[in-house]
Amino acid sequence: MDSYTFPDYRLKRKMNDPSKTPLLLVACGSFSPITFLHLRMFVMAGDYIKHNTNFELIGGYLSPVSDAYKKQGLAAAEHRVNMCKLAIDKASNWLMVDTWEAESAEYQPTALVLDHFDHEINVVRKGVEAENGERKQVHIALLAGADLIQTMSQPGVWAEKDLEHILGQYGSFIVERQGTDIDEALASLQTYRENIYVIQQLIQNDVSSTKIRLFLKRGMSVQYLIPAPVVEYIEQNHLFVEENRGSASSSSLPASNEAKGKDPEPATASAN
Ligand SMILES: Nc1ncnc2c1ncn2[C@@H]1O[C@H](COP(=O)(O)OP(=O)(O)OP(=O)(O)O)[C@@H](O)[C@H]1O
Ligand SMILES: NC(=O)c1ccc[n+]([C@@H]2O[C@H](COP(=O)(O)O)[C@@H](O)[C@H]2O)c1
């Protein structure tokens with residue numbers, strides 16, 4: 001990780017409304033490959049935040065998981081990072097791709113990933129400018145689909161202290177997802193309810209990376225389901241033609257892979 005630098009070129013430097021609480025959204029995921037829904041999640045959250053909260057968004061990050069996650073269908077981190085960058089390059093003025101997780105040789109649990117952002121934003125950069133040169137600490141939050149929050153009630157996938165850390169300290173914006181009963185998913189997370197914001201998908205879109213990989217494997221087009229430069233990149237690099245299965249196992253991986261019908265891996269999420 002010698003060459004790693006935290007990207008901050010699209011972070012808001014000064015708040016528009018200093019009476020609000022500055023907020024940063026972080027989406028952790030495989031992005032194998034990135035889809036329009038991954039990007040829509042940020043936009044839906046942006047609308048929700050603007051109309052329903054007292055937060056002011058100062059930026060958003062995609063954080064592709066490390067190759068050590070070994071999930072079925074996980075393309076090499078280098079490709080996943082490149083695809084994420086191509087997806088946001090010209091299409092967004094506030095989203096960035098952070099490669100800290102992807103460049104790590106080891107799997108980084110989500111709690112540690114959020115700590116990394118907290119450090120970069122609130123310790124290194126001392127938050128964001130509010131008014132009269134004064135700086136405000138930025139609230140860091142996890143942006144995720146309902147299926148991810150559902151795994152938080154499944155035994156062995158998340159360490160209890162990680163849940164406390166993620167939902168108690170940081171909080172989460174959850175986008176509804178077809179096939180997941182949000183009330184059921186939140187039932188055992190009531191302690192953290194005031195830190196969990198549920199966003200309705202007013203136009204249902206259930207595109208997933210799994211479906212994209214399946215189409216590609218069958219030689220079907222994925223045009224208009226994922227960004228055009230990503231379609232081009234996949235073609236040029238002959239990605240997802242064969243399902244690439246993770247091989248090695250690691251004791252620090254969460255069991256969600258198994259729970260979601262992915263490569264079974266032994267579990268126990270670590271915590272800080
Ligand atoms: N259609 C969707 N609706 C709501 N959330 C989604 C959707 N697609 C992805 N997400 C969310 O995006 C985040 C990143 O997900 P990830 O890359 O693991 O996506 P995925 O499309 O579910 O992948 P895969 O199909 O490979 O399991 C997760 O929090 C996931 O819940
Ligand atoms: N214990 C944990 O920290 C934990 C458990 C499950 C998933 N996750 C994260 O959620 C994201 C999405 O994972 P899945 O693609 O397996 O749903 C990944 O970034 C992964 O690292 C973290």
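Colleague: Which residue in E6 is the bridge partner of Leu24?

Modeller: Leu24 is partnered by Ile140 in E6.

Colleague: Before I get carried away, what sort of model is this?

Modeller: This is a predicted model, in which local features need pLDDT of at least 70 and side-chain atom pairs count only at pLDDT 80 or more, while totals for chains, interfaces and linings use all residues. Residues are numbered from 1 along each chain as its sequence is written, chains are lettered from A and ligands numbered from 1 in the order in which they are written, and side-chain values use heavy atoms, without hydrogens or water.

Colleague: Thanks. Back to E6: in which sense does E6 pair with E7, and over how many bridges?

Modeller: Strand E6 covers residues 139–145 and pairs with E7 in the parallel sense, with four bridges. One contact to look at is Gly145, whose bridge partner in E7 is Val175.

Colleague: And what about E7 and E8?

Modeller: Parallel again, over four bridges, with E8 at residues 196–199. There you'll find Phe173 opposite Tyr197 of E8.

Colleague: Are the residues of E7 buried or exposed?

Modeller: Both faces of E7 (residues 172–175) are covered. Ser172 and Ile174 are buried on one side, as are Phe173 and Val175 on the other. Buried means under 20% relative accessible area and exposed over 50%, with partly exposed in between (1.4 Å probe, protein chains only).

Colleague: So what's the strand order in the whole sheet?

Modeller: The order is E3-E2-E1-E6-E7-E8, an open sheet of six strands with parallel pairing. At the edges sit E3 (95–97) and E8, each of which pairs on one side only. On average, neighbouring strands in this sheet are turned by 25° against each other, direction ignored. Those angles are between axes fitted to C-alpha atoms, on a scale from 0 to 180 degrees between N-to-C directions.

Colleague: Nice. New topic: which peptide bond is cis?

Modeller: The bond from Ser32 to Pro33 is cis, with omega near 0°. You can find Pro33 in the loop between E1 and H1.

Colleague: What is phi for Lys126?

Modeller: Lys126 has phi near 55°, a positive value although the residue is not glycine. Lys126 belongs to the loop between helix H4 (110–124) and strand E4 (128–129). With a relative accessible area of 54%, Lys126 is exposed.

Colleague: And where is His238?

Modeller: In the loop between helix H9 (228–236) and helix H10 (256–259). His238 also has a positive phi, near 50°, in a non-glycine residue. The side of the story you'd ask next: His238 counts as exposed, at 63% relative accessibility.

Colleague: Last one: which residues does UniProt list for the domain?

Modeller: An unreviewed UniProt entry lists "domain: Cytidyltransferase-like" for residues 26–213. Its positions are in the numbering used here, feature names are shortened, and annotations may be inferred rather than shown by experiment. In the model, residues 26–213 are 40% helix and 19% strand, and the end C-alpha atoms of this span lie 24 Å apart.

Terms used. Helix = DSSP H or I, 4+ residues; strand = E, 2+ residues; numbered from the N terminus. Pairing = 2+ DSSP bridges.
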